[in-house]
Amino acid sequence: MKISLSIDQEKCIKCYSCIAECPFDLINPDKEGFPQLRKAALRRCIRCGHCMAVCGNDALDITVSPLAGITAVDKRMLPTPQSVEHLLKSRRSIRTYKKRVADHDTLAAILEVSRYSPSAHNCQSAHWLMVEDPLEVQKLAGLVVDYMREIKVFPGLIRAWDQGEDKVLRGAPHLAICHADPGKSEHPVEDCTLSTAYLDLSASSFGLGSCWAGFLVQAFYKHKPLVEALALPENHVVYTALMLGYPKFKYRHIPQRDDLKVTWR
Ligand SMILES: Cc1cc2nc3c(=O)[nH]c(=O)nc-3n(C[C@H](O)[C@H](O)[C@H](O)COP(=O)(O)O)c2cc1C
């Protein structure tokens, strides 16, 4: 990996925020006190871009994550603690969807946000398969039902399917499937789970409903026709999946949850 760090000495005030925020201590001051990369950066830099993003004076550029590609944080756009709390608490798993499909740009916009979720060593291992076509989503639901029939589980779900009701993917018009190559990350489960959580919340902020599709993920591990239908890149595994569509019903209340389980020391 090629990597180089350049400092605009006119702008750098030697505050050392870049040094303090580097997760692997790969920056130190040079003889004149300007930040410089240590040799170890060649091997250990995880391209997180924090050194550049934290610089209050735009004095630092790093070629693995060039300054040109970063966006400024707009404080006025940040939600209040109360609105974050309300978004998080009011997000619900939606199990009844309108037939209305979401437009491509909306689906692309919610996926865009998912790129910013945390990932182990910033490896960003999560990939997406976005099934936009409602007919294909139904086909996938059918394959999950085939699997349930084969291993004789969930007779109620199978009966419902036979009577024209999809209780597996809930008749959602879209399905976002998150997959990764387990050889490319030490924590693919966490990477995909967090990316999906971001997608879930982002969808909610756009007025889209969503629900985690656990049945489909379980079937992926055991049912070859489903694996074939998804046709993922070689070695990739499905870790999470999210149904998406416009909710038929609006939730007017936030349900109760268990009391916080916490030990304070
Ligand atoms: C890993 C995971 C798998 C899930 N799988 C399903 C599923 O297959 N079908 C479903 O209806 N809900 C599924 N859910 C949704 C949960 O049932 C739901 O999050 C929980 O009941 C709490 O409701 P809330 O999300 O509205 O707060 C899943 C959730 C998670 C985290």
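## Overall fold

Of the contacts in the chain between residues at least 6 apart in sequence, 76% join residues at least 24 apart. The model is predicted. Its chain contains ten helices and eight strands, and buried residues account for 28% of the 265 residues.

The C-alpha trace spans about 75 × 45 × 45 Å along its principal axes. Domain 1 (5–69) and domain 2 (81–245) come from the domain assignment of the chain. Taken over C-alpha atoms, the centres of domain 1 and domain 2 are 38 Å apart.

## Nonpolar cores

The largest nonpolar core has 39 residues, and those with the most contacts inside it are Val144, Leu169, Leu175 and Leu216. At least two residues of this core come from each of α5 (104–114), α6 (134–151), β6 (174–180), α8 (188–205), α9 and β8 (237–245). The most is given by α6, with seven residues.

Leaving out residues up to four places away in sequence, Leu216 touches Leu140, Val144, Val168, Leu169 and Ala241. Another core, of 13 residues, lies apart from the largest one; among its members are Cys18, Cys51, Met52 and Cys55. In soluble globular proteins, nonpolar side chains tend to be buried together.

## Ligand shell

Around the ligand are Arg92, Ser93, Arg95, Cys211, Trp212, Ala213, Gly214 and Phe215. Four residues of this shell are nonpolar, two are polar and two are charged.

Two elements, β7 (209–212) and α9 (214–220), each supply at least two residues of the shell.

Conventions:
Residues numbered from 1 in each chain as written. Predicted model: local features only at pLDDT ≥ 70, side-chain atom pairs only at ≥ 80, totals over all residues. Near = placed C-beta within 6 Å. Helix = DSSP H or I, 4+ residues; strand = E, 2+ residues; numbered from the N terminus. Nonpolar A, V, L, I, M, F, W, Y, C, P; charged D, E, K, R; others polar. Domains from an automatic or database assignment. Buried ≥ 20, exposed ≤ 12 C-beta atoms within 10 Å, placed from the backbone. Contact = placed C-beta atoms within 7 Å. Core = buried A, V, L, I, M, F, W, Y, C linked by C-beta atoms within 7 Å.
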